[in-house]
Amino acid sequence: PGGHIGRATGAVTLEPGVRSGLERTPAYRLASPSATSPDALESKHHRPRTILWVAPHLPNPSRSGVDARHFQMMRALRSRGNELVVFSAHGTHEAGTERRLDALGIHRITPPPDERWEPNLGRDHRFEDVFGARPWDTILVSHSHMAPGIMPILRRAAGDARTIVDMGSVRFPAAHNPTSPQPDVNDPWVVQEIATLSGADAVVTATIQDRHIIELAEPTIPAFVWSALGEDPGPGGTLDGSLLYVGDLFHHPNAQGIEWWLDAVAARVEARMGRPVPLRAVGTGSEIYRTIWRHPHKIELAGWQPDLGRELAAARVLTIPLTYTTGTGGRMATALAAGLPVAASAPAAALLPERLAGLLQVGSSPAELAGAIADLHTDDARWEDARAALLETDIPALRVAQSNRFVDWLASIESRDGPGRSAAPNRMSGSRRGLRRLVRAS
């Protein structure tokens, strides 16, 4: 509904409102614009920019914090009328994700469900065909682990496009420890991560601390910080609510944080309050721990829940007990936007920008975190004050401001001169041959 499906040599795409008769046009051509007059091309500043978003899969905000963060970035890019096409290397069955993209007017190019395209095998021409199919203004590689395999193809097929790499989530956990010395840019892990940026014109990070590492290691690469500022799930928090945790337990740092809660924090909360306070853990992966974490007085494994807003509304406090800084912080920002007080470990608090981190109740040790949780559960006046401070903070305005800064930053990257942009006068020839090959195959 609302569009047509196009297939060619294993490519599937949907473009809303495509005119009748194009059903057999190859998917790559569906992502291309209609003919444009020379006058319209006179100045790129007078037309929307064309952006190709390269991802391992279509972003599903319900799957992970990284995907939710990416969806917010996409929404920001579309807010200025930019044309956005998502090129996914893995086909999925996620109809809900496709509907979200359609609602924003975002086109997509994907393999059939359960198939995967691999650029690093050196024999799949589809990446080069898509990258060179049109003069993209910007190509954004949304996961840094994809960059090494894709960057040589980008420079060969789309040398005039600006290439941006997003780090996705925190990549340098040690940089977020306030007691650590100056980060060592020669550390093997840092060197390995920085190497993924080779050939990029700019990079997007999840935190200021990660940007600082990149500025130290590669001072010529511009970096933008996109903070996960959450969503608006509706009002949250109630005085008779639960102690809530939200996180994917298939993600090892989250499971490690729950282990820390069970071993070092839960008993201290019980001692402070005089009764057990089980942590309601919401998120995928619970099933593999039900036979391991048999502590009903410490934890309730609720599994994945379809309505996060309902969980936040039924909670009194959200706690995120990470033992080191990893992820995006979007779940905490969403709770803060809902008016739900949050008690977090210091590593978890480091995920948020300073403005939001100041709204958290932070514990730097098991005793401090237990004290923050117990105080918010036993002191109604303190809880009300914390909630009032959250409701007075205009988090939606922070999201709008960040979106505007991001789009303006992207425009500044596109207008820069430098070695990242090559003339590559013949870069389209191979891709045109590839497109002709696809047309014949269809």
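A: Asp166 and Arg69 are both buried, where buried means under 20% relative accessible area, exposed means over 50%, and partly exposed lies in between (1.4 Å probe, protein chains only). Before going on, please keep in mind that this is a predicted model, in which local features need pLDDT of at least 70 and side-chain atom pairs count only at pLDDT 80 or more, while totals for chains, interfaces and linings use all residues. Residues are numbered from 1 along each chain as its sequence is written, and side-chain values use heavy atoms, with hydrogens and water left out.

The side chains of Asp166 and Arg69 come together in a salt bridge at 2.7 Å, N to O; the term asks for a side-chain nitrogen of Lys or Arg within 4 Å of a carboxyl oxygen of Asp or Glu. Because Asp166 belongs to strand E7 (residues 162-166) and Arg69 to helix H2 (residues 65-79), the pair ties together parts that are 97 residues apart in sequence. Helices (H or I, at least four residues) and strands (E, at least two) are DSSP runs, numbered from the N terminus.

Next comes Arg134, whose side chain meets that of Glu83 in a salt bridge of 3.2 Å, N to O. This pair also links distant parts of the chain: Arg134 is in the loop between helix H4 (126-131) and strand E6 (138-141), Glu83 is in strand E4 (residues 83-88), and they are 51 residues apart. Arg134 is buried, with a relative accessible area of 6%, whereas Glu83, at 23%, is partly exposed.

Elsewhere, salt bridges with shared partners join Glu98, Asp102 and Arg108 into one network. In total, the structure holds 19 salt bridges.

Nonpolar side chains tend to be buried together in soluble globular proteins. In this model, the largest nonpolar core has 57 residues, and Trp261, Trp293, Met332 and Leu336 have the most contacts inside it; such a core is a set of buried Ala, Val, Leu, Ile, Met, Phe, Trp, Tyr and Cys residues joined through side-chain atoms within 4.5 Å. Helix H8 (residues 252-273) gives this core its largest share, nine residues. Apart from it lies another core of 35 residues, among them Leu52, Leu154, Ala157 and Phe172.

Finally, a word on Trp293, which is buried with a relative accessible area of 5%. There are eight aromatic pairs, and one of them is stacked: Tyr289 and Trp293, 4.1 Å centre to centre with 10° between the planes. Rings of Phe, Tyr and Trp (its six-membered ring) pair if their centres lie within 6.5 Å, and planes under 30 degrees apart count as stacked, over 60 as edge-to-face and the rest as tilted.
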